[in-house]
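Open the model in your viewer and keep the selection tool at hand. This tour goes from one selection to the next and says what is there.

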Amino acid sequence: MNNLSVDHLIGIKDLTREDIELIFSTADSFKEVINRPIKKVPSLRDITIANLFFENSTRTRLSFELAEKRLSADVVNFSAASSSVKKGETLIDTVNNILSMKVDMVVMRHPNPGAAKFLSERIGAKVVNAGDGTHEHPTQALLDAFSIRENLGSVEGKKVVIVGDILHSRVALSNIYCLQKLGAEVMVCGPTTLIPKYISELGVKVEHNLRKALEWCDVANMLRIQLERQEIKYFPSLREYSMQFGLNKELLDSLPKEIVVMHPGPINRGVEITSDVADSKQSIILQQVENGVAIRMAVIYLLASKIER
Ligand code: CP
């Protein structure tokens, strides 16, 4: 297979295992390209991409922009904070104005779940979801699974625990779908208040004891506490959260086997992981960021191949 089964990347839920494997094999080639002295290919010289960010981002935004430029696409950037959205313009008016400028693909981060799907049903351009509220963050899950494959040889049969604020996390949901499609076993771990009530219906294990979760897993993906999405207090204090669910070096070193430590960023050092864990040899956090560019090049390249030119 050399074509995706979807026309837009809205969520991992919509992808087949073959789609994910195609994205990975394409990303393998692009990873080789971005490690060359000349890190650019002319593949998308005739394509214009708009990055629409209605919510803050560092990694995802830079990574998409870099991926697009490495593919030689023309790139325009839009940030809600400095746009006419502040004057009351709707999402669809903003996007239609941008599309009038002959844009072929839109990469969008938005605070509302479903925003990327809404857009994909109303515009002619390809849409890539760069995170929609608490729903999905598909390219993050792809780069996470790609990084596991790179470090452990494959994702099939591996045990992955996702620790922290599962309730508010689009990264958790996309990771659960992606890892399961690739044959991994998934566990979630965190305070009862931050684990959705019906999460086990997705086929994941639930554990509230961090040590037990870490003793079970091959990989621990430590998530950030998303205070910006929390309208009430879900735990007494960050100090107490960190004591029960934070990963420190003493705990990591006491485990019976060497596990891989991941984090999607941004890290709250000293809350979900300590600095010595984030910077340890078991941490692949910066490798995840590097792989993000290759994965996003692959997604954009494969979707662009479906544009009628
Ligand atoms: N991982 C991630 O989505 O980071 P940003 O919010 O900085 O893009």
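Predicted model: local features only at pLDDT ≥ 70, side-chain atom pairs only at ≥ 80, totals over all residues.

Helices, of at least four residues, and strands, of at least two, are DSSP runs, and they are numbered from the N terminus. Ser 72 lies in the loop that runs between helix H2 (59-70) and strand E2 (74-79). Look at its backbone: phi is positive, about 70°, although Ser 72 is not a glycine. Most residues other than glycine have a negative phi.

Next, select the ligand. Where does the ligand sit? The ligand sits in the largest pocket. Show the residues that surround the ligand: Ser 57, Thr 58, Arg 59, Thr 60, Arg 109, His 137, Gln 140, Pro 264 and Gly 265. Colour this shell by class, and it divides into one nonpolar, six polar and two charged residues.

Now colour by domain. Domain 1 covers 12-137 + 289-304 and domain 2 covers 138-284; both give residues to the shell, so the ligand lies between them.

- Select Ser 57: a polar atom of its side chain is 2.6 Å from an oxygen atom of the ligand.
- Select Thr 60: here too a polar side-chain atom lies 2.6 Å from a ligand oxygen.
- Select Pro 264: a polar backbone atom of this residue is 2.8 Å from a nitrogen atom of the ligand.

How much of the ligand's accessible area does the protein cover? On its own the ligand has 250 Å² of accessible area, and the protein covers 91% of it.

For the last stop, select Gly 265 and Pro 266. The peptide bond that joins them is cis, with omega about -10°. Most peptide bonds are trans. Pro 266 is found in the loop between strand E9 (260-262) and helix H10 (275-278), while Gly 265 is one of the residues around the ligand.

Notes:
Residues numbered from 1 in each chain as written. Heavy atoms only, no water. Near = heavy atom within 4 Å. Polar contact = N/O pair within 3.5 Å; in protein donor to acceptor, adjacent residues only side chain to side chain. Areas by Shrake-Rupley, 256 points an atom, 1.4 Å probe, with all protein chains shown as cover. 1 Å grid on protein atoms, 1.4 Å probe; cavity = no way out; pocket = protein on both sides within 12 Å on 5 of 7 lines; lining within 4 Å. Sits in = over half its atoms within 2 Å of the grid points. Nonpolar A, V, L, I, M, F, W, Y, C, P; charged D, E, K, R; others polar. Domains from an automatic or database assignment.
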